[in-house]
Amino acid sequence: MNPSLSIRLQTGDALIAVDVQNDFLPGGSLAVPQGDAVVPALGHYLAAFAAYALPVFATRDWHPPDHCSFKAQGGIWPPHCVAGTYGAEFAPGLALPPTAIVISKATAPGTDSYSGFGGTDLAARLRAVHATRLFIGGLATDYCVLNTVRDALGAGFAVLLLADAIRAVELKSGDGARAQDEMQRLGARAICYEDLEP
Ligand code: VGL
Ligand code: ZN
């Protein structure tokens, strides 16, 4: 790797772990293929952010039992991430710091949001900690990661997409790669943990 490309964590950086919840992991009701792989991958970034005392955010899908995105209500998804259930809990292995700021989204029956910014105070919470550059990973590449990254760029944040800490649903084959292309086209820079300065 070219050391001149090495990324140094700095003041203004924040990490966003998108929807790393049991229902999106193998065995969950809306399992993302290899979704569990993001847990140790994000663990590396979480350790680095802890070492620099930089802020960490975790978004979660937090749906009511009759949410509009569920098939019984005419949506396209099986029931998932129902608030207060095991499936909605963060993956047990996800080493969030006690100071992590949890952002719940799509909490009302009639509205969905794939973006962590939709209907939440995420943007304000990021500004409150003076974040300017966001490291974004989690689940799923082609839904909530894509839409969170798009809104982050639209809100003026720089975005580093954690390419080794995302996995896609792939309702249609290739959706994950297309989503990553789109995020990069919009201005996100794809990185891997090895790109961080040791
Ligand atoms: C998600 C489908 C439905 C996601 C959430 O977190 O990517 N995908 N709800
Ligand atoms: Zn959902």
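This is a predicted model: local features need pLDDT of at least 70, side-chain atom pairs count only at pLDDT 80 or more; totals for chains, interfaces and linings use all residues.
Which strand is leucine 161 found in?

1. Leucine 161 belongs to strand β5, which covers residues 158-167. Its relative accessibility is 0%, and because buried means under 20%, leucine 161 counts as buried.

2. The surroundings of leucine 161 are worth a look in your viewer. Leaving aside residues up to four places away in sequence, leucine 161 touches Ile136, Val145, Val149, Ile166, Gln180, Met183, Ala188, Arg189, Ala190 and Ile191. As for alanine 131, 30 residues from leucine 161 along the chain, the two C-alpha atoms are 16 Å apart.

3. Strand β3 (residues 101-105) has side chains that alternate between two faces.

4. Within it, serine 104 of β3 is the bridge partner of arginine 60.

5. Now to ligand 1. Around it sit Asp19, Phe24, Leu30, Asp61, Trp77, His80, Tyr114, Leu139, Ala140, Tyr143 and Cys144. Among them, aspartate 19 places a polar side-chain atom 2.7 Å from an oxygen atom of the ligand, and histidine 80 has a polar side-chain atom 3.1 Å from a nitrogen atom of ligand 1. Leucine 139 takes part through its backbone, with an N or O atom 3.5 Å from a ligand oxygen. On its own, ligand 1 has 260 Å² of accessible area, and the protein covers 99% of that.

6. Stepping back, the protein chain holds four helices and six strands. Read from the N terminus, their order is β-α-β-β-α-β-α-β-α-β.

7. How does the overall size compare with a compact globule? For 198 residues, such a globule would have a radius of gyration near 16 Å, and the protein chain agrees, at 16 Å. Along the principal axes, the C-alpha atoms fill a box of roughly 50 × 35 × 30 Å.

8. Of the 198 residues, 49% are buried. Among contacts between residues at least 6 apart in sequence, 75% join residues at least 24 apart. The accessible surface of the chain is about 8,800 Å², with 56% of it belonging to carbon and sulfur atoms.

How values were computed: Residues are numbered from 1 along each chain as its sequence is written. Chains are lettered from A and ligands numbered from 1 in the order in which they are written. Side-chain values use heavy atoms; hydrogens and water are left out. Buried means under 20% relative accessible area, exposed over 50%, partly exposed in between (1.4 Å probe, protein chains only). Contact means heavy atoms within 4.5 Å. Two strands pair if DSSP finds at least two bridges between them. A residue is near a molecule or strand if one of its heavy atoms lies within 4 Å of it. A polar contact is a pair of N or O atoms within 3.5 Å; within protein, one must be able to donate a hydrogen and the other to accept it, and residues adjacent in sequence count only if both atoms are side-chain atoms. Accessible areas come from the Shrake-Rupley method with a 1.4 Å probe; for residues, only the protein chains shown count as cover. The radius of gyration is taken over C-alpha atoms; the globule rule is 2.2 Å times the number of residues to the power 0.38.
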